[in-house]
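Reader: I am new to this structure. Please show me how to read a few of its features.

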Amino acid sequence: MGLFSEDKKPQQVSIKGNRLKCSVCGHDIFRPRKAQLNTKAASLMNLDWANKSAHCYTCANCSHIEWFMEEQ
């Protein structure tokens, strides 16, 4: 397990009832994770923890990342 990683098993993902497919290679297996969306203002005042997070799915085939603001 790597530092800062959320090592999760690759899996199929559905978004609003539709199977997610990689927009680069068309593969349908992803590794889910969260990523913090930092802003300059929050970082300047050491308030990074207050920023929103995005839900990301990394393609298990080509490593392209698909980003979503809300958990699906």
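Author: What follows is a short walk through a predicted model, taken one feature at a time.

Reader: How is a pair of aromatic rings described?

Author: Such a pair is described by the distance of the ring centres and the angle of the planes. Searching the whole structure turns up one aromatic pair. The ring centres of Tyr-57 and Phe-68 are 5.9 Å apart and the planes stand at 65 degrees, so the pair is edge-to-face, since the angle is over 60. Tyr-57 belongs to strand S4 and Phe-68 to strand S5, so the pair ties together parts eleven residues apart in sequence.

Reader: In which sense do S4 and S5 pair, and over how many bridges?

Author: S4 (residues 53-59) and S5 (residues 65-68) pair in the antiparallel sense, over four bridges. Cys-56 has Trp-67 in S5 as its bridge partner. The two strands form a hairpin with five residues between them, and Ser-63 in the turn has a positive phi of about 75 degrees.

Reader: Is Tyr-57 buried or exposed?

Author: Buried means under 20% relative accessible area. Tyr-57 has 9% relative accessibility, so it counts as buried. Strand S4 is mostly covered, with six of its seven residues buried.

Reader: Where is Asp-28 found, and which side chains does its side chain contact?

Author: Asp-28 sits in the loop between strand S2 (18-19) and strand S3 (30-36). Asp-28 has a relative accessible area of 17%, so it is buried. Its side chain makes polar contacts with the side chains of Gln-12 (3.3 Å) and Arg-19 (3.2 Å). Not counting residues up to four places away in sequence, the residues that Asp-28 touches include Val-13 and Leu-20.

Key. Residues are numbered from 1 along each chain as its sequence is written. This is a predicted model: local features need pLDDT of at least 70, side-chain atom pairs count only at pLDDT 80 or more; totals for chains, interfaces and linings use all residues. Side-chain values use heavy atoms; hydrogens and water are left out. Buried means under 20% relative accessible area, exposed over 50%, partly exposed in between (1.4 Å probe, protein chains only). A polar contact is a pair of N or O atoms within 3.5 Å; within protein, one must be able to donate a hydrogen and the other to accept it, and residues adjacent in sequence count only if both atoms are side-chain atoms. Contact means heavy atoms within 4.5 Å. Two strands pair if DSSP finds at least two bridges between them. Rings of Phe, Tyr and Trp (its six-membered ring) pair if their centres lie within 6.5 Å; planes under 30 degrees apart count as stacked, over 60 as edge-to-face and the rest as tilted.
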